[in-house]
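Look at the sequence and the model below. Then work through the questions about what touches what.

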Amino acid sequence: MTHRYWLAALLGCGLAGVAASATAAEQTEVERGAYLARAGDCVACHTAPGGKPFAGGLEIESPFGTIISTNITPDPDAGIGNYSRDQFAAALREGKRADGANLYPAMPYPSYAKLSDDDIDALYAYFMQGVEPVSEKAKESDIGFPFNQRWGIGLWNWLFADAEAFEPKAGQSEQLARGAYLVQGLGHCGSCHTPRGLLFQEKALDDSDDAYLTGETLGGWWAPNLRGGGDSGSGLQNWSADDIVDYLATGRNDHSAVTGEMTSVVANSTSYLSDDDLQAIAAYLKSLSRGADDEQEAQSETTPEQTEQMLTAADVADKPGARLYLDNCNACHFANGRGAPQTFPSLVDNELVNADDPTGLIHVILAGARMPSTPGKPEALAMPDFGWRLSDDEAAQLATFVRGAWGNHGGEVSADQVAKVRENLPQDLESSKPDFQD
Amino acid sequence: MAKTNPHVDVVLVGLGWTSSIMGMELTDEGLSVLALERGPDQDTVPDFAYPKMADELTYGVRYQLMQRPAKSTLTVRHGVKDTAVPYRSLGSFLPGNGVGGAGTHWNGHTWRPQPQELRLKSYVGEAFGSDIIPDEMTIQDFGVSYDELEPHFDFFEKVAGISGKAGNLNGEIQEGGNPFEGWRSSEYPQPPMPRTLNDTLFHDMAKDQGLHPFPLPAANSSGAYTNPYGMQLAPCNYCGFCERYGCLNYSKSSPQTCVLGALKQRKNFAYRANCEVMKVNLDSDGKKATGVTYIDENGDEVIQPADLVILGAYSLHNVHLLLLSGIGKPYDPISGEGVVGKNYAYQMNGGATLYFKDKEFNPFIGAGANGETLNDFGVEQIDFGQEGFIGGSYFNAAMTNGQPIRNMPLPKGAPSWGAEWKQAVQESYGHTMTIGSHGSNMSYRDCYLDLDPNYTDDYGRPLMRMTFNWKANDVRMTQFMKQKIDVLSKALGPDDYKLSFKDFDSQYDVRPYQTTHNVGGAIMGTDPSTSVLNRYLQSWDVHNVFVMGASAFPQNIQYNPTGLVGGLTYWAAKAIREQYLPNPGPLVQA
């Protein structure tokens with residue numbers, strides 16, 4: 001009997017096409033580039049839903065209009081096959097197309113500017129030799145005046161994209177330097193987690209500024225403050241380095257689970273990183289200091305014990321939010337709100353639950369959520385959708401309850417806020433609504 | 001005209017426990033593996049999601065997750081002279097439908113057999129003399145020993161994350177476990193589930209009686225657990241919707257929660273739902289399978305070529321497919337010759353319902369495999385010569401659910417309708433507990449499966465025919481258990497109790513639910529003239545066909561079958577990987 005991979009043609013990630021003539025050294029370089037492309041999560045933006053890897057075509061909503069990602073396969077006409085190594089480097093670091101035009105800064109070139117020459121070489125080798133060429137051009141972006149004037153981006157670049165190649169700090173351990181390089185560079189974590197200024201620029205591109213990675217709300221979802229606060233800091237919800245590593249590797253840890261945009265980051269990028277690299281990222285995030293304001297305990301009307309006692313006694317006659325919690329959530333998240341390690345996220349001190357903008361929490365209540373299937377934890381554990389079952393009022397009461405229970409401090413949610421989130425839910429959502437045909 | 005698919009290395013028929021396990025094992029070898037499942041695809045979310053799964057009428061009474069008799073059934077008769085009629089309305093047993101199979105809708109009782117049960121005929125002969133075996137009883141040895149299977153039981157328990165307490169670790173008896181069990185190489189992967197009131201009452205009473213109670217080994221997760229495949233179980237919340245339901249909480253071990261997420265990641269695995277296999281195709285001399293023919297989701301006939309065919313459908317369907325495909329000689333009860341369909345067996349159960357006026361059992365706090373059990377009256381404990389039967393039983397006091405339609409036990413004399421019925425329900429709901437006897441069932445010359453001469457299915461294929469009835473040996477066994485349970489029931493001091501056991505005039509009745517432990521028909525053994533499969537679950541006749549599942553049991557053990565089915569599957573997988581693939585051919589010379 002022959003042993004072969006009959007489904008290899010369906011391989012999801014375009015890693016298959018390394019030229020047969022490549023030498024062992026070239027092959028190693030291509031594999032290193034493939035790993036770095038994972039770290040940079042290139043595939044997330046440069047692949048349309050159901051499309052070929054790196055062939056572009058994903059529509060990215062931006063404040064300026066819809067940006068459509070480009071084909072970065074090595075096809076000479078539709079993709080970047082004609083790019084020289086230096087043109088490729090300029091695109092990554094400076095946002096310059098081969099013809100000299102400026103790329104839209106949806107491309108995180110202000111972060112990729114940190115990349116080392118060695119890593120650029122490896123990425124170039126991968127994109128030229130390791131990616132299957134796709135001859136279809138992606139659609140043009142639909143950007144209106146004045147943002148379609150790409151020269152304007154030059155000005156923006158002059159103002160904001162001034163990051164230089166990464167240099168470790170004096171005395172920084174090898175691990176911290178590696179973590180900083182990955183977070184600031186390929187990981188481009190700041191794209192979502194650093195607050196943006198008036199011209200939508202990230203307020204900081206590295207930890208030389210205290211605003212770096214202090215969190216930002218994107219499309220209503222809170223991308224949390226990632227600064228751990230140093231050795232004794234309580235940032236990142238007091239997660240240990242291993243908790244951070246678990247989260248990035250598998251989309252779940254003993255406290256929480258990934259939701260929203262970060263789900264695809266874990267699925268396509270961080271779950272492929274080595275344990276050493278994830279440990280380095282965790283160590284670096286833990287090492288970042290926090291401002292005095294961040295450390296202040298937010299006020300809550302409840303304590304974990306009070307809420308647990310009230311729910312256990314089912315003393316909810318005049319508490320509609322608590323009653324809705326018992327009827328809908330308690331089966332998995334339990335009366336103590338803490339769920340179970342690696343399976344059911346804790347709602348206590350949870351960033352999504354306590355965010356200023358409750359959009360993310362409302363979204364999860366209405367539409368459910370699903371963890372990614374990762375190599376380390378393959379089970380795509382899911383929370384079902386409750387939107388079919390809860391009215392706007394009920395969802396608002398439930399969200400308000402959860403945001404104030406067990407010492408949480410998230411503030412009230414209105415039915416109008418729920419209605420707005422409901423209106424914007426995707427049409428093709430998987431639903432657990434009963435639908436029996438017998 | 002049937003279309004022909006591209007060739008695969010392995011085709012798996014069905015996608016429940018056994019095919020999920022085989023999928024993992026054979027994709028590990030780099031083989032391309034395709035599973036064909038007759039029912040729909042289904043997963044925890046959205047298919048078993050809270051709260052819709054907690055719907056007794058839809059799932060418990062109308063059997064939403066089960067096969068539809070109008071689509072797939074068999075005929076049943078009591079004896080070889082009777083005419084069989086179709087099993088048109090589900091009752092006695094409930095074959096599952098869809099991805100996960102019966103592994104989605106079971107309760108989760110996960111036992112290993114006793115070492116003696118795997119070599120029952122030899123054991124009886126050695127211990128009591130083979131002359132105590134009645135003439136018409138056709139029990140056999142499995143052909144594989146407990147020691148050989150132990151590592152595979154152990155691994156299956158780790159995959160399924162079983163909650164329990166070991167009673168025998170490498171020969172050392174452990175306090176709190178089953179002192180009579182076969183040795184285990186390691187403790188259960190999870191601690192036992194917490195006790196409910198009925199468990200505690202039964203445990204304390206049994207101790208007082210000098211018996212050896214221990215927690216039922218449960219495929220209901222007592223905590224958050226990650227298995228060797230990285231798959232996860234979440235802590236059971238005792239919602240009381242296990243049997244007949246998919247678990248809404250990721251807490252019941254199933255192909256979905258324990259295997260399939262990992263298997264689906266593999267590029268050399270694929271599965272197709274709503275594809276029903278019609279038969280295994282053989283080459284011109286009938287010695288080798290060339291693949292299978294199936295009907296796809298559009299109703300089109302498809303030929304699927306494959307080098308290796310592994311039947312992992314429900315036990316009854318495995319036998320049906322062998323009969324339809326002409327693999328092995330069909331069994332003839334008159335001559336006693338032939339093997340396919342031979343030794344169909346079931347399970348001899350009974351029990352007591354105890355009513356306590358002043359005790360609140362809160363039965364809605366339940367789990368499928370919650371319970372306290374004892375093994376003091378097991379196959380390996382009883383002097384068959386003295387008692388006059390072959391067999392045994394384990395007892396359990398389980399609190400699986402408090403579902404209102406089917407779990408409304410009423411005291412004797414309560415009316416079955418009207419205001420007084422309502423009154424009785426109000427007074428007695430939550431005031432009862434049960435003690436069950438879960439017993440072995442021997443195999444007999446005239447209990448078997450063959451093709452029905454009169455009835456056909458939608459595709460024109462003959463239905464399978466089951467010929468089965470209760471036999472005096474097994475009734476004597478259950479009557480013995482009745483006396484024991486009567487004593488234990490009295491000792492618990494209920495206000496009232498009822499005993500329900502088969503008697504000598506009992507006929508097999510397909511209407512009330514009994515158990516979905518249908519075994520035999522494609523039995524394993526050491527002799528091709530008395531078994532369908534060799535000790536590696538490989539067909540004696542067609543070497544590239546293997547048959548998983550409880551259809552391989554030569555008679556039924558006293559326990560629920562899944563633990564043994566899991567262990568046998570890993571055992572067969574090891575033989576395929578280490579012996580068959582390097583050198584395809586019969587693994588045992590006939």
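Q: How many salt bridges are counted between chain B and chain A?
A: A salt bridge is a side-chain nitrogen of Lys or Arg within 4 Å of a carboxyl oxygen of Asp or Glu. This is a predicted model, where local features need pLDDT of at least 70, side-chain atom pairs count only at pLDDT 80 or more, and totals for chains, interfaces and linings use all residues. Side-chain values use heavy atoms, without hydrogens and water, while residues are numbered from 1 along each chain as written and chains are lettered from A, ligands numbered from 1, in written order. Between chain B and chain A, the count of salt bridges is zero.

Q: How many residue pairs are in polar contact between chain B and chain A?
A: A polar contact is a pair of N or O atoms within 3.5 Å; within protein, one must be able to donate a hydrogen and the other to accept it, and residues adjacent in sequence count only if both atoms are side-chain atoms. Both residues must be at pLDDT 80 or more here. For chain B and chain A, the number of pairs is ten.

Q: Which element gives the largest share of the side of chain B that touches chain A?
A: Helices (H or I, at least four residues) and strands (E, at least two) are DSSP runs, numbered from the N terminus. Elements that each supply at least two residues include β2 (8-13), α9 (255-264) and β14 (301-311) of chain B. The largest share, four residues, comes from α9(B).

Q: What area do chain B and chain A bury between them?
A: Buried area is the accessible area (1.4 Å probe) that two parts lose on being put together, summed over both. Of this area, 60% is on carbon and sulfur atoms. Tyr50(B), Gln232(B) and Lys267(B) supply 19% of what chain B buries against chain A, more than any other three residues. The total for the two chains is about 3,500 Å².

Q: Which side chain meets Asp206(A) in a salt bridge?
A: Turn to chain A. Its domain assignment, automatic or from a database, includes domain 1 (21-136) and domain 2 (174-295). Between these two domains the count is one salt bridge. At 2.8 Å, N to O, the partner of Asp206(A) is Lys114(A).

Q: What area do domain 1 of chain A and domain 2 of chain A bury between them?
A: Carbon and sulfur atoms hold 60% of it. Tyr35(A), Arg38(A) and Lys114(A) supply 36% of the area that domain 1 buries against domain 2, more than any other three residues. The two domains of chain A bury about 1,700 Å².
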